[in-house]
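User: Hi, I would like to go through a model with you. Could you take my questions one at a time?

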Amino acid sequence: MLLLVLGTAAGGGIPQWNCACPGCAGARAHLHRRRRHASLAARAGEGRWYIVNATPDIADQIEDRPELHPGPGPRQTPLAGVILTDAELDHTLGIARLREADRLQVLATTPVRQALRDRLRLGDVLAPYTDVTWRELPGHGSEPLDPAAPGLQISAVPVSGKRPRYAADAPDDEAWVVALRLYDPASSTSVLYAPALAAWPDRLQQAAAEADCVLVDGTFWDDEEPRRTGISSRTATGMGHLPIDGPGGTAERLAPLSARCLYTHLNNTNPLVDPAAPQHKRLARLGIEVAYDGMVIEP
Ligand code: MLT
Ligand code: MN
Ligand code: ZN
């Protein structure tokens with residue numbers, strides 16, 4: 001299996017256009033501290049790639065990686081489809097940026113597809129530009145990711161019913177947010193990608209215990225971070241993101257796992273956005289990594 005980390009920031013990116021916090025200021029001063037919105041590319045076969053979550057940065061993220069560049073035909077692209085873990089704007093706005101495609105395949109769970117079609121009206125808006133095919137992301141059992149390049153198996157683990165703010169009144173459903181599981185039968189390796197964790201249900205614990213590599217929501221270091229930094233009146237948990245540190249935090253879930261564990265979807269207020277922050281050593285002692293843009297993962 002071959003994965004490319006296309007971005008590792010939470011909504012807004014780092015730096016965020018209207019933010020003067022130390023994390024954003026640091027990223028303006030030091031280019032290497034910049035992080036694009038959290039996204040992953042998975043290689044399904046020779047010249048065939050799926051991008052997990054379509055961020056506002058998606059076209060730049062494609063330009064960043066030669067593997068994702070078009071050619072040799074004038075409009076021939078290795079992008080075979082987009083997989084969504086949720087309907088949040090930072091993970092879906094990029095779909096509209098792909099409207100130049102001849103056709104576009106989008107894999108999503110039912111509530112996510114309905115939010116994009118009925119609330120964002122992406123189906124109607126994009127129909128005059130490109131042919132969007134919506135494919136159901138299997139919540140139970142796995143199926144081949146790419147019919148044209150059999151190999152990787154895909155499935156989703158329902159994580160929480162956290163809805164985007166634009167769909168706050170939409171019906172409850174356990175599959176609003178899922179963790180994505182990719183399994184490569186050739187190497188018997190599996191990866192779990194969960195950039196939005198409002199909860200840690202038992203089935204996620206089970207999937208994490210079986211995985212060889214786990215990439216999870218590292219939005220906030222601790223529960224008080226959003227209030228302390230003045231970006232919100234809510235705690236991290238209240239904003240739908242389990243913090244890394246503290247009781248009930250994700251670090252204590254990850255530390256005992258045998259999988260390689262990495263954080264992604266870092267908010268600009270997270271001390272981890274500073275490479276010199278002591279929190280990096282805390283994680284390293286637990287055997288946990290922080291993903292970075294441009295990282296290549298071969299589980
Ligand atoms: C989230 O991760 O909670 C959302 O993406 C927040 C947002 O960008 O609106
Ligand atoms: Mn987000
Ligand atoms: Zn900031």
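This is a predicted model: local features need pLDDT of at least 70, side-chain atom pairs count only at pLDDT 80 or more; totals for chains, interfaces and linings use all residues.

User: With which residues is T269 in contact, leaving aside its neighbours within four places in sequence?

Analyst: Residues are numbered from 1 along each chain as its sequence is written, chains are lettered from A and ligands numbered from 1 in the order in which they are written, and side-chain values use heavy atoms, with hydrogens and water left out. T269 is found in the loop between β12 (260-264) and α10 (279-285), where helices (H or I, at least four residues) and strands (E, at least two) are DSSP runs numbered from the N terminus. Counting heavy atoms within 4.5 Å as contact, its partners are F220, E225, T229 and I231.

User: Is D222 buried or exposed?

Analyst: D222 has its place in the loop between β11 and α8 (225-228). Its side chain reaches the backbone nitrogen of E224 at 3.0 Å, and a polar atom of that side chain lies 3.2 Å from the backbone nitrogen of E225. Buried means under 20% relative accessible area, exposed over 50%, and partly exposed in between (1.4 Å probe, protein chains only). Because its relative accessibility is 17%, D222 counts as buried.

User: Where on α7 are the buried residues L204, A207 and A208?

Analyst: Helix α7 covers residues 202-210, and its buried residues are L204, A207 and A208. The arc is taken from the directions from the helix axis to the C-beta atoms. These three cover an arc of only 100° around the axis, so they are on the same side of α7.

User: How much of ligand 1 does the protein bury?

Analyst: An oxygen atom of ligand 1 is 2.6 Å from an N or O atom in the side chain of H241. Areas come from the Shrake-Rupley method with a 1.4 Å probe; for residues, only the protein chains shown count as cover. Taken alone, ligand 1 exposes 270 Å², and the part of that buried by the protein is 73%.

Key. A polar contact is a pair of N or O atoms within 3.5 Å; within protein, one must be able to donate a hydrogen and the other to accept it, and residues adjacent in sequence count only if both atoms are side-chain atoms.
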